[in-house]
Every structure is written in structure tokens, then in C-alpha cells.
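Morning, everyone. I have one chain to show you, and I'll talk about how its parts pack. Have a look first.

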Amino acid sequence: MESLFAVQDEDVVRGQLEHRRANLPERASLVAAEAARAATVVEVERVGLERLDHVRRQHRYEGEVAAVEARLADLDEKLYGGAITSPKEATSLQTEMGHLGKRQDDLEGQVLEIMEILEPLDGELVTLTATGETQDSSIAAARTILDETEAEIVDELAASAERRTAALADVPEDVLGRYEKGRPMFGSSAVVRFSGSDCSGCPYSMPAMEADRVKSMAAGSLTDCSECGRLVVR
Ligand SMILES: [Zn+2]
């Protein structure tokens, strides 16, 4: 019956390995690294949108500056090109040019203000890009460690399965059937050893009559504990 214990040992090992594989801290590290990366992507998007908003305003103002400049050039041409017939007209043109000049200054001031806003945003984007690259490396490293750890577990599972198969060769089919039937309920103690006076699986002491019954059996023989239902090897 030692082989049945060997089978049970490997079932326990497999259970532990599968539990370990399902709860690897290496996987949690990878998930955390990916979450940090995703947060950076969101931040890049937010800063990028904010930046785009200012860039659009900048372009609008620059367009207006260009229009004002064109209009000023036209008026300048008109004023000094000899097309003016009266001093009144000349004064009116100069007044408009004065207004336009002020408008141009205002617009250029706005553009400068926007450029000042853009500078730190651009800096933030550079920093975020660098952060993202670092995080990409962290993700790659975490994934490598996880893959290596998982591969180790897969190897250990295969080795355990091999040992179990070898042990199974000495376990009669009906005994294996009884063992497998008890496993969902008893887990790692589906088969237990008789201590000499106890089943060693029972939560309480084996009743004396049942203990006597097992004691009377041949060493190494198998029976069901009438108390807890486990397989007991005398
Ligand atoms: Zn028992």
C-alpha cells in the first residue's frame, strides 16, 4: 500500500503546484506593472489633449496675426502708393492702421502666453514618454520572470505526474477507485495509516471496537474507517 501513499503524495504536490501557479506573486507584479503603464498612457493622452487645445488656439491667433499683417500691408500700400486723394482719407487710414497695430500686438502677446503654457506641457510629455519606456522595460522583465517561474512549475508538475504514474503501477484499480472517491471529501488524507490504536484521520479517537477490528487485520491491508470514512492502511 506504500504506492497508494506515493500516489497521494503526488496528488498533494500537484495541488500545491497548481495553487502556486494560480497565485504567483510574479503574475501580480506583471499586472501591477501593466496597470502603471496604462495609467501613463492615460496621462499622456490627457496632457496631449490639453496641449492640442492650446496649439489650436495658437494657430488661430497666428492666422489672425497673418490676416492683420496682410491688411496692414494693403493699407500701407494704399497710404504711400499715391492713391490717397484727401488728407481726411489719409487720417482715417492711419487711424485704422493704429487699431490694427494694437490688435497685432495683442494677438502676438496671446501667442507668447500660449507658448509659455506649452513649454511645461511639452516637458511633461517628455517625462511621461521616458516613464513609459521604463515601464515597458519593467513589464518585459516581469513577464520574463513570470514565464520562467511558470516553466519551472510546469516542469515540476511533469516530474510529479511521472512519479505518480510510476507509483500507480503497483496500485490495484479497485483500490485507486476507492481512493479517488474519497479525495473530494478528504483531500490530502484520503488514505491514512493506522497508528496502532487510531485511524489518524478521524477528528476524534477511533472507537475501541473499530480499533480492535483494524488491529486484527494483516499489516498492510486496507479498510474503510467506519468512523470517518477514510481509507486506513493497517
Ligand atoms: Zn477514521
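A word on handedness before the details. A crossing counts as right-handed if the near helix is turned clockwise from the far one by less than a right angle, and as left-handed if anticlockwise. This is a predicted model: local features need pLDDT of at least 70, side-chain atom pairs count only at pLDDT 80 or more, and totals for chains, interfaces and linings use all residues. Residues are numbered from 1 along each chain as its sequence is written, and side-chain values use heavy atoms, leaving out hydrogens and water.

Now, the helix pair. Helix 1 covers residues 2-22, and helix 4 covers residues 173-186. Helices here are DSSP runs (H or I, at least four residues), numbered from the N terminus. The two axes come within 11 Å and cross at roughly 35°. Axes are lines fitted to C-alpha atoms over the stretch in contact, with angles from 0 to 180 degrees between N-to-C directions. The crossing of helix 1 and helix 4 is right-handed.

Who touches whom? From helix 1, Leu4, Val7, Gln8, Asp11 and Arg14 meet Val175, Leu176, Tyr179 and Arg183 of helix 4. Contact means heavy atoms within 4.5 Å.

Next, the domains. Domain 1 is 2-168 and domain 2 is 173-233, with bounds from an automatic or database domain assignment. Their C-alpha centres lie 64 Å apart. The contact takes 10 residues from domain 1 and 15 residues from domain 2.

Last, salt bridges (a side-chain nitrogen of Lys or Arg within 4 Å of a carboxyl oxygen of Asp or Glu). The rule finds three across the interface of domain 1 and domain 2. Arg164 also pairs with Glu180 in a salt bridge, closest N and O atoms 2.9 Å apart.

Definitions and conventions: Helices (H or I, at least four residues) and strands (E, at least two) are DSSP runs, numbered from the N terminus.
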